[in-house]
Structures are given as C-alpha cells and as structure tokens.
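Visitor: Could you walk me through this structure and the way its chains meet?

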Amino acid sequence: MTLSKAQILELRLSLQQAVVSCSERCLYQSSKWMAALLSALPEDDVGEDVSSVGRVFNPPTNPAQLHLEQTEFPKYLLAKSLFDCREFQRCASVFLPRQSIRNTWTSRQGAVYDRISRKALFLTLYALLIAGEKQKTEQKAQVLGTADNGATVNQQLPDIRRILQASLDQTHEVAVENDSSQGWLEYLYGLVLAKDKNEDLAILWLLRSVSLYPWNWGAWQQLSSLIRSAQHLNWVQSQLKPGILAFIFSVHCRLEMHQANPTLVSEISQLQSVFPHSLFLESQRALAFYRMKDLYEANLLFSKVLALDPRYLDFFDHYSNVLYNLGSHDRLAFVAQLASSVDSHRPETCLVIGNYYSLSSRPEAAITSFRRALVLDRSCSAAWTLLGHEYLKAQNTHAAVESYRHAISHARHDYRALFGLGQAYDALEQPDLSLHYYLRASTIRPGDTDLLQAVATGLAAMSRLEEAIKVLKRALACSASEDGVAAKQTHAELLFRLGSLYNEAQNRQEATAYLEMCLDKALEGEATCRPAGTTVSAQRPLQPVVLVDNGPVLSYQRAMLLATEHLSLYLPFGVLGLNTDGVESLLHLRKPELQSMPLNVPRTSEGPAFLSRQRVVRRGVLVGLILGTHVERLLVLSPQRVSKGHGAFLDVKG
Amino acid sequence: MSRYLAPSKIGLLALVELYIEGAVPNDAAIPVINFVTSHLLDCNLTGPPSPAPAEQWKKAENTIRLAVSIQHFEEMLAPFAAADRLPGRTLWDRFLEKLWGIDSLHTLHEFFDQLPDHLARTKAELREMTERGEKPPSGVLLSRNSPFGVFVRRSHLEFSKLHFNHVAELWKMFVKYRQPTAGHWRRRNPHYNRLSFDSVLLDGEHEWGAQTDEIALAAYGNMLLVDDQNPTLLVSTDDIESLLEFQVEHVQKYGTRVPRSIRDEFQKLLKSSRVVPSLSHYLNFSDSWRSGEFPATFDHLHRYFDYTMQSRDRLFYQYALLNLGIVQSDFGCHKEAVATMLEAISTAKENRDTACLNFALNWFYHFSRAHPSLVKELEGSSMLGSGKESLAFLRAKAKETGMWILWSSALLSEAKLGLSNGESISTALESMVRSSQIIVEKNVKTMIGPQLSLSIALWDRLGVAVMSTMACEVFLRCHARSSVFDDQLKLTCRMAGMLADRGQYEEAFATLEAIDTNSLRSAKPDQYWRLFRGLVKLRRDLHHNNLDSADGLLSQLLQNSPEDIEPDMVSIIDMFHIEALTRRQDFETAFTKLDRLIAELSHENRDVSLRIRLLLCKVDLFDRLGRPERGFTIAMRAASMAWRARLVSLLWQAVGALAHILNALGEFAAAQQLLVAVLPRCLETGVAYTAGTLYSLLADARIGLVGEMKDRRGGTGTAVVAAERAERAERLGGVHKALDSAFGCFSAVEDVDKRCEMLAKKAAVFRAEGDLVRAESCAGTYLGLWEEELARKG
C-alpha cells in the first residue's frame, strides 16, 4: 500500500489536527497515540508548508460554534488548566455550575448547554466522567476487597447521560464534511452508554462518532472493546467508511480477538509501508506472531522495538509474556529492571515484574506485583488474568475465579481468563461449569488444540464420549496442519487420547487403531530425533517417562490395567512391531538426567497447563505400553512409585 | 534503600562463599574470618580490648570505607594466594571471579536463592530429603546459629523481602561498586568487554547493535555515563544504624566528639541513604552540646524525643526531661534546670522508672552541692530532704536495683561530703573502701576516675604528696583509656597542678599539652583545659613578679562567670587575684575582696578548706600591713579548724602563720619549736612554697634567738664569751641553713621576691657576722637575680 505525496500531506495535516483537537479536549491517550502515528510517517518528503501550521490550529469548524468558542475562550482556558491539574470537579463547574446540571429543564433561558460550545460541553462532561471514575475507584478500595465488585458505579453517569441525550437530540444540524467540532459528544455518549452496559446503543453512537470524525483513536478503541465476535466485527466494518484508521481498527480488532494469521501479518506490513517508523504497528506485528504461537519471531520483533525506543513501555506486558514462555530468565529480569527504572508506576512495569517473579516460582511476590498493577489501573485485564493464574498456582481457587471474572468483564476476548476459569472450576470439581468456560474459550480460538483437548476432557468427564471424540477429531485436524516437533508430539498425544476415549466407549477396534497410529507417531518421532542425539528436542519424546516419574500412583494402576488389555491383544512382543532399540534408548536416560529435566510441564503459551488427572493417565498408558517388558528398569527410575504396578506388570509378562 | 543489604554485604557473602569452598588458604583464614566478623558482629578478634584514642574510631572508619569502596576488600585479600590449582592467583582474583560471576539481575537473584544451600539442614529437612531419596549435602556447611549462618540466613530473608525496585537498585549499585575493579578483571579475563557488567546487554549487543548503549542508559540511568557526578552510595539502614550506635556509644563512653573526618564521611552516607534514623538526631544533639552550641542542642534534643516518643510504646518522657535538665544546667540555665529536673523526678516516680529516678536524684544531689542557693528553698518544703538523707536513700535504692555505678557514686559522694564538712577521715575512708570494693567486684570501669580523684584529694589533704602523685600516675597510665574523658582531663590537670606546686612548670605544661586534641574539641573540656593552663601560667607569672602579664591573665580568668565553671576553680582564681593585689600592694582592694568572700562563705555551707585558706590569706594580709598580731586569733582558728578537719597541708600553713605572729611577738623559742616540729611533715606535702615560707620563718626565729642572746649577755669571762661566740656561730649556722633551704624551695617555684628576700637576709646576717666578702657575693647574686628577672620581662 503506497500513498501519493499529496495523500501523505493530507494525512499529515489530518493527524496534526487530530492531535491538537484531542489535546484540546484533554484526551491525552488518543492525542499521544495520534502524535506517535504522525511522527511515524516517512520524513523524506516533508514539504516546508508553513501555511499548514495555521490550518493545524484552526481546523474547519461550524461558524456558530466558532463564534461561541471565541467568546468563551478565557473560561475555556481556565477549564483546560484545571483539567490538566486534575481538578475535575472544579473544571466541570467552570461551564456548568453544579445546580444547573440538575435544573437544566427548569432554567428559564433554556438549557445551559445551548449557550456554550460543543467543545466546552465535551470538556465539562468528560471532566465529570473522570471525576466519577476517580470516585468509583476510591470507593472500590482494596483490590479484591468487599467493595470491589460491579455494584460500585460511576455516580455521575446519569447526569451526563441526561445532558448528552438532550443536547444530541436537539442538534439537527446537517453534518458538515470534516467539521472538527462534531463527533466528540457522540463519542462521549458512546462511552457513557458502554459504561452503562448498553452496548448495542453504544456501538451505534460510536459508529456515528467515527463517521463524523474518524481521527479520534479513543472512539475506535472503545468500539473495538465492544465487538462481540468475528461476525459482529464484519457487521461493524460494513457500517464503516473505508479509511486508514478504519483499517488500523480492523487489524487491531482482529488481533484483540485472537484471529492472528499470515494475512493479518501481511496487512500489518501494508500499514507499515505507510507508517514506517510506527512502534505501535511493529509491536502489533510482534503480537500477531505471539498469538500465532511463533514465540521466537515474536521475541525478535519485540526486541527490535525495544532497541528502537527503550522507554516505550506500552508493549512490555506482551513482551514479558513472550519471554516468560521462552523461559528466558535473565532477559526477563533485565526488561523488568529497564521498565522499573523508566517508570515504576506503570501497570506494564508491574506486569513485567510479576511475570518475572512467577517464572522464578515466587507466586506471593508475583501476586503483590499484579495487585499493584491493579491499584494503578483497575481496568487492566491482563493483570487480572495473570493474577488469576497466580492465585490458581497458590491454590486460592476462589480468589482466582474472582480475578478471572474481573478480567472477562474488562476484556471479553481474553480466552486465557476463560480457560483459567475452566481450570479453576475443574479444581473445584464442578465439571459442567468448567466445560462451559472451556467451550467459550475455544469459540474465541477455534484452532487451539489445547483448548479442544480441555473441552474433550470435560466432556469425557461427564461421560459425553461421542461429543468428546468429535472434539478431539477436530483438534486432530487442527494439529495436522501444524508442523514442528511440539506439534508432532501433541498430535501423538491426541491420537492416544482418542484411542483411550474409544476404549472407554467400548469401541476396541477404533481404540487399537488409534493407539497403533499413536505408537507409530511416537516411534517416528523417536526415530527422527535419534540422529540429532544431544539436542533439546531429542529429549521431548522422553517427557512422558518423566511425567510418569512424577505422577500419582493411581495413574500407574490405570495405566497398568490398560496396558494389560493391549498387551494381551498384541502378545507376543514382535507383533507390536516395537523396536527394542528404541525402548533401550528411552531407558538409557540415567537417573540424574531425569532429575535435571523439568518435572513440571512448561506452561503453554496462554496459561499454566495444569495436568489434569486424565492426562497423566493417558501418558502413563503410553509408557506402560512401551515399557511393559522393562519394568525392572523402571524400578531403577522410581522405585517407590512403581513398586505397586510392578507386580501387575510381572503378571502380564508371566 | 534497603534495610539490610548493600553492595558491601554482597561482597561479604561472596567472601563467606569462598571460605566455604575452601579457596581460602590456611594462613589467610584468620584474617578473612576476622574481617568478616568485624563487619558483622560488634567485635574484633585481634587487638587490645581498650584501644588507644587513635584506634577508638577505627571501626567506624572501616565500616564507612567498606560501604564506600571495594578497595577495602582488595587490601585485605590481595596479599594472599588462593588455595587453587593455578599458580599466581591471589585470593583477590578468586573474589573478583565470584563477583563478576554475578553478571545479571537474574544471577543476583540466583546468588541469593542458593544461599540456603550453604546452611546445615534441619532435622525436618533431612527427613524430607531421605523420603525423596536424596543424599544429604556434603562439604562445609554453616551451622544455622553460627555468626556466618545467621548472616547468610538474614541476607536471604532480607533479599526475599525486597521489592523488585529495591532489588534493581541494589543491582545497579552493586555494578557501580564493582566497576573500579574492571581494570584488574580485564587483565585476568581476556573476554572482558565494555558491557561485561551485564550479560544480557552483552548477549543483546549483536541484536540491538548501536542501540545497545541507549538501552543500557535507559536501564541503568546516568550511572553509566563517565561524567556522572552523582555521589549516591547505597548504604543499608542497618549500616547506618550500626554506625550511629557505635558513634553514640563512643560519645557517651568517652565523652568526646566524633572526629571531623568521620563525621564528614558519615554525613555523606547519611545524605545518600534517604532515611534518617532518629538516633542521628541524638548524635547531632550530643555533638552540638559538646561544641557548646546552645540553640542547636535544644533543637536536636527536641527533635530526637519528638521522633522516639511516638514510635516506642515505652514512656521515655522522663529521659527527655533528664537530658534537658542536664543540658540546661550545662549551659548555665540553672533555674530552668532545677524546674526540669524536679519534673523529671516526679515523672519518673509516676512511671516507676527507678533507674531514671535514681539517676535524677543523684544528679540533683550534685547540683545542690554545686548551687546551694538555688535549692535552698526546696530543702525544707520538699520530700527530697537534706543532702545526707538523699544520699542514704540513693545508696539503699541503688543497692536494691543493682545499679552499681550509682551505688559507688553515692558512697563516694558521702565520703566527699564528710571530708568537706571536716568530719572523720576514717568514716570517709570506709565509704571509699566500700566503693572501691564495688568497683573491683563489678568491674565498673567508669567509676575508677572519680574513685581515684577522691583518693588523690584525700592524700592531698593528709599531706602525703607521694601517694597522691602515685594515684594520679596509676590512673593516667592504666585507666585513662577506658574512662570518660572528663576524668582524664581533670586528673591530668591535677597532675600538672602538683608538678607546678613542686615548681616543675615545664613538665606541667608538657603534661597538659599531651592531651588528645580531638577530645579537646568539646567546648567544656576545652574551656577547663585552657583555664587550667592559664592558672599554671598565672602562678608562674606571680612568682616571677611579672604582674603585668599576670594582670592580663587575671582579667581573662575573672571574666568566667561562676555559673560557667566549677566552684573550685572560682575560688582558686579568687585566691590568685588576692595574691596579685597584695603583690601590687593594693591591700585595700584585696582586703575588701577577702571580706566579701568570707562573708559569702559563711552564708553557704561550703568546704572547710576554702574557709581556712581565706582565713590564712587574711592573716597574711595583716602581716603585710605590718600588724601581724592582729591576725593571732584568726590564725589560731584556722589552725584548729585545719587540725580538726585533718587538712594537713593547710595546718602547716596555719602553723607557719602562727609562728610568724610569735616571731613578731618576740616569742622566738616557741616559734622555733613549732617550726622545727612542723617542717618535716610540711616537706612531705610537696608544696615547695609553703616549705620555703616555713624555712624563712625558722631563720627569722633563729635570728631572733641570736638577738636574745645578745640581750641577756651577762657574763664577761672569756670562757663565757668563747662559749657564747661558739653558740652564736652555731646558731647563725642554723640560720644560714634555714635560709639556704628556704632559698632552695623558693628557687624551685621560681619566686623572685622571696629569693631576693632570702639573699638579702643572708647578706645581712653575713654582715652582722662581719663576713663582708660573703655579704658582697650575696648582694651580687641578688642583683644578678634582679637583672635576670628584668631581662626576662623585657
């Protein structure tokens, strides 16, 4: 995507106007974002156009509004200064004295807001809104305390809504093309409605706002947080006029909704050709790779952004997630240090620190950090999710559930929180609730095999085997499209899972078929890995062994039972086609190496993968199958654990 | 800033690890352990228990140096070879290897996380390990309650309590602390790179390229810049507090001020520590108190107690009042001090704080002795009672509560009271012996000073100069180091005074100059020292008849208001003033002053010795006026008083005065009898001037006797004449002997007037004998003396 010089100049002008307009209305974040985008434009064709400066500060405005603005200018300056000094109540009362808010209808001279410009009205109401938010946060008191629930609301909302309603009803002016005074009140109304949970209406008003004035990033962001699903997004997009911001919005939305794919990446590249220096786009690109589970690429990209601007903290939480999943301790510690020396009072900084502590297995410290992030920003959904994870790790399940609920209420597409909720309910032994959340999570990310497996497990636990098998087959189809060692392993695991499900469903024929496929897969993996010898990936097939070493005794008994079944089917040994060399090499792992291998399963990219009991069983069976004849060796590996199963295995042999 | 951890602590931990790993060779083991323990515990394995004044502040200096720079480690470690495979490697290299091994923030975390591995496992842990099938760890392990074990555990705990920001801060400061060793490390390690201090930056360099510096700057702040002038040092609150405690303890123990260099360094540390412990206000308080800065003292005292009062639940109000009272009296606000102290006493009673109550009462007793006029109205009305009663009360209380210092001090006060009232010496001695027993039994080192100074005073009274000199020497040689500086100063002055009595002025000055200059930075001791030096000088000037210089000194000395200095000193100055006046022949002024003093004394119930001294002065004045007989009753009174109080040295003076009057009355035989009996005892006192006076009186008496012989010359026979002549010659020989001895004594104290007088007398006697040559030579010596003295003045 390339733009002509004139287009770029126009874009530049619009962006400059937008920055000025946003900061005139004290929309700091939007103004910051737009300014960053502005400076991301290529610099080589900067025209020395002095006349544009005047136009930047005097965007085309409705003459009536312009007149009003000019007459109230001193008052406006006062209000703006007050807002900048965070004296919101006082700022609001500059244009709208307190009693006149209540008595708008009884006032003889008509509504107060008729006599002030739209800009002033926006500033006033926005200040009121912020004041209300501040009050609300204060009332909520402690994070996860008694008052920290949905019952605490912004007290100013009804007043603001009433005034906005009245004012917006009255304006029947014809929308002038590119009138910079329009669209803001609509945005504010959308914001208020969204806070009132009146989402459909909010979307309508936000759409109207962006169609009137597309250069307000806040409106786009608010809109993106209200999108429910992919279909919904398509509908919303159909209502939009095409434009550069609509394009960025679409990319951003899809990323938020976990729809990362190569097309999206290429779209981001297109945008980057327009804004070559945009850190935002670069980090969106990295985020896309992260969502696609390409951690190495994501890491590289994030690292590049870091090098471009070490003090740009906005993306640090994602970067720390990537580093967490890569297990890169020292880099994570360094990033945390960097963040805390740049600004230790940013939620992002706290998230990085919390992630570092979580990786160092210090859940208490991590919880403190995440809570600190929440004190700084209650609506930080990533912090809520991570807090939930940590609480789950610390086995404080109820707090975890509460945290996850907060996370979902702030970001409905956060499938990690949904997945975590499922796990929490799993731990509370409420399978139907857990299944519900697994399902919701998997609708957000339909192609995620881990989620599908969790769903299948939930279904199987409720004895809905047919559905479980269906889900697993879908997961199998998904995993088949991926490649890489890890994917292969998931594939083998899925096969095995299917086999055992069929077994449970008394369908022996299918069960053996899948188990055979599974063994083939496992041995294939073994075979491909053997030449590599010393690499880390070569040890992956050995992981099940370790898991057995770590699992509960119960799993051995069940593994043994299943193994008995299958071995009785396939005895003598040769029929199994088992390469004894392969088994030998499996067992060549000596004990110290076993100990040095990580005993817990590394957390998957989206959250801690807690080993549910069923998974251990499944792996146990795998090992039971492979190691059936080598129980003595297994004894060496883990004498106490296997001793119970030992007799049974010997029986089988006999 | 962290509570406990600082870069230097990491260094110490690394050293402990080296020690555990066996890298420390045998000959370095003791220095290393000594080094670590001296910084961890408040003890030193080597060196004498009570160090010389120069060494007293060494510990604070070392602590500061360790906190400020890594060089302290280098000095200690570099001389030792490492117990290692590689030749030529020193312990310092191993230590650096360890420090530079901590190459990122995460490694720092790991360094602290693995600390518990060095500890011996508890039983529960061992059981768990066997259950898991692990072998118990081998190698050197630290017992959990050993000094090193406690240090390691505490460090681990403190680290886990740190917030991330503080850990990052610690890491940055550690990098800064370690950086001076980069040059050394580069020589040993060829892979060294500019970014070696952080392995993440080193690894990221190929990824980030030229931007690496920018990233490093963002992460580390300005400290990486070469021209970073920020002198912030990371010291832990723990270091600051231990330094503070050390300083306060020293200040209280020795009563001196903190040396300038240490104070400056400490202020620098305190500035960078951001937290100011309340104890530092106390330190400031005592410092400004000693420097004599009145408003600052009050300000700091109030501030200290404002901070401590809230934070501790125990009531400290009485201590605040106590301190306030002492400070007020020290600065001369005696009335306020009385009020404050009374309030302190009642508060202490209310709060049942016996320790404070006893201390306050003891102080009050001493105060009332020093300023009887202020507490006079209290005596009758309050329950405090008179001096004796309150002392008995204090003694009983101190015994009950086991406050040895107070007990011994009460006993000493009792002895002193008895002595100054002129009561029985043996009772006083009994008290002193009891106090001495307590001091020896309980090893109350601080009380040795007062004990010995009292015994010196006692021997002085009894006129045994040898004993008092010995006691003085004993204190100065053996106990001065461990005692309060005030005692040291007083006894040194006392020693100088005794030397001056014997006429050894140069030695006296040398003794005074030998006092530690740092200790003299406190205002009060400095004033006392200057005063005393002035007194010795004044005495010498008076003896030399150098009246102009003496006037100059006196005018300075008399400016000291009696509220500022001790009453003893005031009386000494007064005596010198009178002497100077008499030497100037200004008898009238001298007499008025004397009368005023005597009148004052009779109002207040003051020390007997003072009164006797004044009486003797008066007798002397009468003598000078040429009417010695008028002083007879006074001299008799003085003698009897001195005898009763066993004020031996004064008694001899009184006897001398009496003999003078007898001489004047023509009772030469009686005078001679008295003087001959007294003289040997007087020589014992070591006061040369008195001895000289007595000798000269003896000569007068003997001359008088010779004259009597002439009067009663009755017989004319040659045998009789020959016998008379022989007797006369013998008597004149006695006169000469006495005059020679007197001359010797006076020349010892360098008194010109008296020496000349002796020479004149001698010449007169020679002339009377008809030995004109000798008379001439005496006159010659006389003139020589005068000229010498004139030359001295001119």
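The questions below turn to confidence, fold and interface.

Guide: This is a predicted model, in which local features need pLDDT of at least 70 and side-chain atom pairs count only at pLDDT 80 or more, while totals for chains, interfaces and linings use all residues. Residues are numbered from 1 along each chain as its sequence is written, chains are lettered from A in the order in which they are written, and side-chain values use heavy atoms, with hydrogens and water left out.

Visitor: Over which residues of chain A does pLDDT stay under 50?
Guide: The predictor's confidence in each residue, pLDDT, runs from 0 to 100, and chain A averages 75. At least 70 is reached by 73% of the residues of chain A. The stretch where pLDDT stays under 50 is residues 526-654.

Visitor: Which helix gives the largest share of the side of chain A that touches chain B?
Guide: Contact means heavy atoms within 4.5 Å, and 24 residues of chain A are in contact with 27 residues of chain B. Between these chains the count is two salt bridges, a salt bridge being a side-chain nitrogen of Lys or Arg within 4 Å of a carboxyl oxygen of Asp or Glu. Helices H17, H19 and H20 of chain A each supply at least two residues of that side. The largest share, 11 residues, comes from H19(A).

Key. Helix = DSSP H or I, 4+ residues; strand = E, 2+ residues; numbered from the N terminus.
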